[in-house]
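Morning, everyone. I have one structure to walk through. Let me put it on the screen.

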Amino acid sequence: MSYVAAIDQGTTSTRCIVFDREGAIISVAQKEHQQIYPQAGWVEHDPEEIWKNTLEVIALARIKAKLHANDIKAIGITNQRETTVVWNRRTGKPYYNALVWQDTRTGDLVNQFAAEGGQDRFRPQTGLPLATYFSGLKLRWLLDNVAGLRADAERGEALFGNMDTFITWNLTGGAEGGLHITDVTNASRTQLMDLRTLDWSDDLLQAFDIPRVMLPAIKSSSEVYGMVASEVLPGVPVAGILGDQHAALVGQTCFEPGQAKNTYGTGCFLVLNTGTELRESTCGLLTTISYKFGNEPVHYALEGSVAITGALVQWMRDNLGMIKKSSDVETLAKTVSDNGGAYFVPAFSGLYAPYWKADARGVVAGLTRFVNKGHIARAVLEATAYQTNDVVRAMEQDAGIKLSSLRVDGGMTMNSLLMQFQADVLNVPVVRPTITETTALGAAYAAGLAVGYWQNFDDLRQNWGVDKTFRPDMGEATRSKLLHGWAKAVERSFGWED
């Protein structure tokens, strides 16, 4: 028997999952890393801790399944996108902690650039509005604020990448000849790549004042890039790289234009495959890349990104102490039949799609003496469904098609109360697949296709199966009333930060 492995380097943890030809999980190992909050709005990770964890989970996944390196035909990498790290080419040492995608310290830079040409000044080339979310301004902040970094960057001593690039560089040799590469999906989230040429834009690099020499080479999402140099999997081809949401699209086998998936994780990310056609958004969505397999044409996507969904449940657990573990939120929410009129808008780092309000902050609205912790738990879960609905409606408008069903994945999909409410609010069936680890699976698929482990998309489609379909069961009057309350609550969150 032979297998394909995937490294899933996420916002809260790093995992290694080994899959067989049917897409079934053979072995999994996971390790959480520290979330660092130096001040309000700042979110950091320690890149060295993440790299150490990566080695550990690869070794653990192998040991659990009693696998040798030659049992693994390829390894794919998927990663939290936009999280920005800069390290020294000679030593491999990071100059600073990684700036996480949720980090908002670049707010002043966003305002400065927007004042000079509007929030959408770079949309035509990148498909992205100016926001604290993307890597380009995070890199600019590091160049401006870390002593000696700019000089090293201009000399070619400092390397930039999202976490895929950092992991790949270390995995393929590090300072001893490691590959400094990224794929088109991760590059599309930096706000430095031109979506049409699939190359770094000199105009954008000049505008952001970023030296080109520190940027990785841009590759396709599925090809043999090189071999693992580390002793954890020596000689195994590194053959797939996809940003996490693009990987989930591949894992859900959404290969046809018009197919969409929603991933429920720390945030929520709805991605619609638009095929080889680049569609510009007029409704607050992002134009991005679905994937590019080898020499095949690039496939584009529309994406709606929601910053805080699963993270709100964690916040309720860790900051308020209302639940002991994340799964307890469903039990608590089931103690009441509705939200009691309460709404929770989790704009902790502003609102992403379709609003793009950096000045929004979290609000709880509609409180009365009647509201108890069960209603708050319900409002916490419902916030995810409402935010997804906002994105779906924008996507339908942009793409000119009505959603007939929604494929879902990610940890929160195990919450049946949330999935049923999602179907009710959207008024379309919500389909949960048999394998919900679709992010890691997508990275495995990309790597496996590159080495011939799977022959084509049909091989992958055969692996996709339905675990449960949640069908809408809510009256139109109730739905309208709930959505009206949500819209009012969202409006209250605007303009909180001066």
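Val224, Met227 and Val451 make a nonpolar patch of about 230 Å². Patches here consist of residues with over 30% relative accessible area and no salt bridge, with like charges joined within 9 Å and nonpolar side chains (Val, Leu, Ile, Met, Phe, Trp, Tyr) within 5 Å. Accessible areas come from the Shrake-Rupley method with a 1.4 Å probe, and for residues only the protein chains shown count as cover.

Some ground rules. This is a predicted model: local features need pLDDT of at least 70, side-chain atom pairs count only at pLDDT 80 or more, and totals for chains, interfaces and linings use all residues. Residues are numbered from 1 along each chain as its sequence is written, and side-chain values use heavy atoms, with hydrogens and water left out.

Val224 sits in strand 13, residues 222-227. Helices (H or I, at least four residues) and strands (E, at least two) are DSSP runs, numbered from the N terminus. Val224 is partly exposed, at 41% relative accessibility. The cut-offs: buried is under 20% relative accessible area, exposed is over 50%, partly exposed is in between (1.4 Å probe, protein chains only).

Val451 is in the loop between helix 14 (438-450) and helix 15 (457-461). At 32%, Val451 is partly exposed too. What does Val451 touch, leaving out residues up to four places away in sequence? Lys73, Ala74, Val224, Pro237 and Ala239. Contact means heavy atoms within 4.5 Å. Val451 and Gly240 are 211 residues apart along the chain, yet their C-alpha atoms are separated by 9.8 Å.

Next, helix 2, residues 107-117. Its buried residues are Leu109, Val110 and Phe113. They are on the same side of helix 2 because they cover an arc of only 105° around the axis. That arc is taken from the directions from the helix axis to the C-beta atoms.

What covers the buried residues of helix 2? The cover includes helix 4 (135-145) and helix 8 (202-208). Arg140 lies in helix 4. Arg140 is buried, at 14%. Beyond residues up to four places away in sequence, its contacts include Leu109 and Phe113. After helix 2 comes Gly118, with a positive phi near 90°.

Now charges. The whole structure has 31 salt bridges. The criterion is a side-chain nitrogen of Lys or Arg within 4 Å of a carboxyl oxygen of Asp or Glu.

Arg121 pairs with Glu116, closest N and O atoms 3.4 Å apart. Arg121 is partly exposed at 25%, and Glu116 is exposed at 54%. Glu396 meets Lys402 at 3.6 Å, N to O. Glu396 is buried at 11%, whereas Lys402 is exposed at 67%. Glu82 bridges to Arg81, with closest N and O atoms 3.9 Å apart. Buried or exposed, for Glu82? Buried, at 1%. Arg81 is buried as well, at 2%. Salt bridges link Arg81, Glu82, Arg189, Asp244 and Glu303 in a network.

Last stop: Gln387, in helix 12, residues 373-399. Gln387 is buried, with 8% relative accessible area. Gln387 touches Val306, Ile308, Thr309, Pro346 and Trp486, not counting residues up to four places away in sequence.
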